[in-house]
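Subject: The structure, and some notes on it

Hi there,

My notes follow below it.

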Amino acid sequence: MRHIPSHLMPLLPLLVLTACHPDDANKGCTFPEEAATLSHYAQRFECEIYPLMTRNENGCVACHDASSERVMRMGSDGATTFEQLRAGGFLNPTRGGTVLDRVQRSDTLQMPLGGQWSTEDIERLRQFVEALESYSCSDPSPGRVTLHRLNRSEYDSTVRDILNETGSPAADFPVDDSGNGFDNMAEVLSISPLLVEKYWSASDAMATTALGLWTDAQNIRLEAEALGSGSGREVEDGWLLQRDGTMEGLIIVPSPGEYTLRMRAYKPTDSVSSNPWITVTLDGVTVGKQFYPDNNAVVFEVHQSLASGNHALKVAVCQDFIEGDGCAGPLVIDWFELYGPLQEDPPDGTQREEILTCDIEADPSACGTQILQSLALKVWRRPPDTDELSRLLAFVSLAQTQGERAEVGIRLALQCMLLSPHFIFRPEVTNPSASTPISGYALASRLSYFLWSSSPDARLLSLAETGALLQKDTLLQEVDRMLADPRADALVTNFGGQWLYLRNLEQVAADQTLFPEYDDSIQAAMEQETALYFRAFLQEDRSFLDILDAPFTYLNASLATYYDIAPDDIVGDNVPWPLGAELVKVELNADAQRGGILTHGSLQTVTSYPTRTSPVTRGKWVMEQLLCQAPAPPPTSFPPPDESGSIDTSQREQMEAHRSDPACAGCHAYMDPIGFSMENYNAVGQWRTEDDLGFPIDNSGVFPDGRIFHGVGELSQILKADPAVPLCFTQQLFTYALGRAPTPEDSCTLDTLNARFRDSDYRIKQLVKELVLSEPFRIQGAEK
Amino acid sequence: MSFQLNLRRPALSRRTFLKGLGTLLALPMLDAMIPTRGSASTQPFPKRVLFYYVPNGFIMEEWGALQSGVGLSLSRILEPLTPFQSELLFLSNLDNYPSSPQGEGPGQHARGTGSFLTAHHIYKTSGTDIYNGVSLDQLLAEKMAGTTPFRSLELGTEPGYSAGTCDSGYSCTYSQNIAWSGPSTPLSKEISPQALFNRLFAGTNANESEVQKQRRLLYQQSILDSVSADAAQLHQHLGTQDRQKLDEYLTGIRELEQRLNAPPVSCSGATQAPPKAVDRQELIRQMSDLMTLAFQCDMTRIITFMFANAASHQTFPWLGINDYHHVISHHMDDPDTIEKLVQIGIWEMSMVAYLLQKLQSVQEGEGTLLDNTLVYFSSEIADGNAHTYTNMPVMLAGRMGGTIQPGRCLEYAAGTPIANLLIALAQRMELPLTTFGDDGVSPLDGLS
């Protein structure tokens, strides 16, 4: 496919244009001369270009119009107006599949109605689209990302990283809708009441687990003044004991089990005496001693296995101490708590020690502030403001007024944070009416959700706090650090998994009678093969384009057998043979049947039907995912080609026949030959040389311009030379990185990114860096 | 009748009959947990509606019924429903005109599913700006707020695709949801019987004391108040589109609040979630059991159920059919493929029969739960090959508290909007609609 070299692009916009062309078909049509407005181009399109597209019954619109019965729409929307064409990228001067590209290739395309354009008309179109592009680039808009909700994989990774929750709570959430090929599109991610209900249950369970609380445990609080008997006396908020004083009471245990007994005590503020020791006994057995070193309240805690029923509790001050040893009263006992029954161990995944960094029971207010401040920073990816912090802190006092421990308040606050819009969404607070650079914290989140599908770590948050992250050098260092982190595998699973359709592999229901060798372990190995392969191009110093034909892959013993790969298909002798259960990298011989992404069993399987291959689906995948030239859906009045019957050699002829139908040919002239060239791989990705009826496979394909190619090897070389492939990858990564589809205003950014990608000899890492530095990534656009 | 009874067809084979019977006789464990309803209640039993969606249409030549003096004769696909023929009402010549292309090309599965209960022509978009009408079940659900613990239940069996596209430039949302609470708010569905059981019946601790309960409610309310305050604060700093997202969140929070504060329903028998289903047949039976239980316990009165998603790619190994349903639904008039589709249809109807049998097995006063329920059954298209939207396969089952008179076939004037049927159903649920969707202008007559 031809490509306009970028040096042909005008460097400056054409500022002054005369009105319509003298011999314009649409005489009398005028447009504003000022070239710096979009309306100029809209009008000029109407005057100059649209008449060419509709000039007679053979014009573009005769076929490429949504309202026409002969629907050969350009995009999925059937675009022929200026706005639609521009939005669909069809007015770009340099890319493939655009109006310009199409009319330039018209002699080689099957334009059955003879829609060839004259050289002058093509030139006029070129001037128009180039001027439009210059205009667009002179005023790039960073675009706006809608309030972004965490999708399922982001939710799971986030709670894994902030709470060590590895149970994938989002597995139970409704599937996220996807758009533009990805499930992290902010505009598409909606919230249903069912989802909120699930957020509620997940937040409840996670907060309980994180604090190490037991769901069926109860907390019984006994105020000392109500319980007390023995020596001593009641004071306002407790029971006051002097040296040698004792306090006795009965506690009632509802059901047998492991309990935590807590007691809060403090020295009266006016006390100047030396510090008391206290001894606690249960049923006459000493369960603990505690020294009170200063005037702060201390919570005494002991774990005890208790039978149900009554137990005698006794607290003594300076018991067994002799006169003059420095032990003295008085001491006020505030309350007792009995918490249980507990299982033997706290629930798995508890973050008690990480969260409760100070003694919350002793000093609920100061300690609570400290805990909640750092917890909110983690959960909300930014520090809480004063209002927010006081709302969170209110849970601690709420728990206390209910006679519960202060840590229950932390649990409630944590649940609240996990249910809050600040967690569920990634809000970027900017002025909606003006383009604004995003804050350091927002940038930290954009980075971490792009590269890790998860929340920023402590280092990113601290770089956000100091503002260092907003500096280019720091930002680039962070990208390197983050890509080297194991969390960057999220880019492989989430971006790669959707770009390469790996995620759909799980839903493939291959016919077990036809393909008995295809099972779950092969499916898993094929999925891993492709993931590892993509990771090599992300992480290693390789050209992205080599993904099409690199002579290596990853195999384990069963996948090697399944692919029928023998030691002599492999280069070198450093691979232990036979292979084990783990996938290892193997270098393949040039004549091996594998090598390059299009030879992966995962891809071949996921683009097939359960019982047979589908050349159309395979061709469509290549056009959509590698070339970003999604074929228009088949027109209503033309049913799709018959792939429903059993496959035989006549299928190819049938399909070739339907390609002679102009309504189908526009797309199938490309899709079908691509798919045919992959026919050596059966519906579950195994190599074959004969079809189901024993006829030899014909793996040749012919493009409308006459190029003939055989097999995946030659197809891959054609694709490798096609400039649409790296541009398409740039567009896909842009879409995923930002969580929004590119708009016409992004056209320049994409071309620039693509040019730098090319300058780096197609290093994905470099593309990631360029993306992160680009305006759309760092600036939140105004609302339109 | 446009349906033509195929007289040359063989009688229902003994094997098919036994298969269907086996299905009906399979009694899962949930049967053991029929709850007891206060029999002293003098209130009439509530009316319930279940909207039942099956994808990919039917071989319409084999779908339909003829009415005669002795009752209905059912076509081949419908034969599993024979035991319930007196409870069925067949309506012909109803069109889903809002799903017609209207110049927007292919995408009939998405359009037919989108307009299934909205009677609204959906906006064509692959991602952003989804737009539909509000679905009838949600208008009914709105009326139910506070009456039952769940205003409505949205149920299904398939998660949907997580990579690629669904139908011809239409967002997958349109293919995966039939309940829409707002034009841009599809309601995602619960697809796991275990999760559904837990939503319905688990949660509160039976041994909870009054003090504990009051404390729990207080804590819950405080959390909801606090996140609402977070949202209100955030709201001031957002753009229009962001606010729309936040509003969806707030709607969810308000519904959660109602749910948490609703008095617990005592359905004493419902104590154990069903085991993980081994195949789709069992999954659908489990869902049918739980739908029955949800009605029976008055957990909800409005349910939408998607048997599978639009243009479903299910395979049917137990029928020896291993190709994708949607792919074979483009049968190209191939007799073998048509026969496969007939077999799939028969199997689908055996699943419907299972549900009807469950509903009928629950006594309510003098009658049964089925007498107080209406099952509205249809598909997103009529014929899978031609993607037609006229003369849709529409079947009603049950008597909806005596407001429907089944056991009949009604033939309407060609081109009668399905939306008119939806209006008639709404009125029977005391929702005084007079128009609905793009083309509903008056209630369909003749139902009672």
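W180(B) has a relative accessibility of 0%, so it counts as buried, the cut-off being under 20%. This is a predicted model, so please read every value here as computed from predicted coordinates. Y174(B) is buried as well, again at 0% relative accessibility. Over all chains there are 53 aromatic pairs. Y174(B) and W180(B) make one of them: their ring centres are 5.7 Å apart and their planes meet at 25°, so this pair is stacked.

Ring pairs join F182(A), F450(A), F495(A), W499(A), F534(A), F544(A), F729(A), Y736(A), F757(A), Y762(A) and F777(A) into a cluster. Two other rings in chain A have a charge over them. K585(A) lies over the face of F552(A), 4.4 Å from the ring centre, while the charged end of R542(A) sits over F537(A) at 5.9 Å from the centre of that ring.

Now to chain B as a whole. Its secondary structure consists of eleven helices and 13 strands, and 62% of its 448 residues are buried. Among the contacts in chain B with a separation of 6 or more, 73% are between residues 24 or more positions apart.

Is N96(B) buried or exposed? With a relative accessible area of 5%, N96(B) is buried. Its side chain makes a polar contact of 3.0 Å with the side chain of S115(B). Leaving aside residues up to four places away in sequence, N96(B) touches G112(B), S115(B), Y389(B), M392(B) and I418(B).

How do the two chains meet? The contact draws 80 residues from chain A and 71 residues from chain B. About 6400 Å² is buried between them, and carbon and sulfur atoms give 57% of that area. On the chain B side, Y219(B), I223(B) and K245(B) lose the most area to chain A, together 11% of what that side buries.

An α-helix has 3.6 residues a turn, so residues three or four places apart point the same way. At the start of α10(A), a side-chain oxygen of D385(A) comes to within 3.1 Å of the backbone nitrogen of D387(A). Just after the helix, G403(A) takes a positive phi of about 75°.

Lastly, some backbone details in loops of chain A:

- W577(A) and P578(A) are joined by a cis peptide bond, with omega about 0°. P578(A) is in the loop between α18 (557-563) and β15 (584-587).
- N164(A) has a positive phi, near 60°, and is not a glycine. N164(A) is in the loop between α5 (152-163) and α6 (193-210), and is partly exposed at 42% relative accessible area.
- C628(A), another non-glycine, has a positive phi of about 55°. C628(A) lies between α20 (615-626) and α21 (649-658), and is partly exposed at 27%.

Notes:
Residues numbered from 1 in each chain as written. Chains lettered and ligands numbered in written order. Predicted model: local features only at pLDDT ≥ 70, side-chain atom pairs only at ≥ 80, totals over all residues. Heavy atoms only, no water. Polar contact = N/O pair within 3.5 Å; in protein donor to acceptor, adjacent residues only side chain to side chain. Helix = DSSP H or I, 4+ residues; strand = E, 2+ residues; numbered from the N terminus. Phe/Tyr/Trp six-rings, centres within 6.5 Å; stacked < 30°, edge-to-face > 60°. Buried < 20%, exposed > 50% of the residue type's maximum accessible area, 1.4 Å probe, protein only. Lys NZ or Arg CZ within 6 Å of the ring centre and 35° of its normal. Contact = heavy atoms within 4.5 Å. Buried area = accessible area lost by both parts, 1.4 Å probe.
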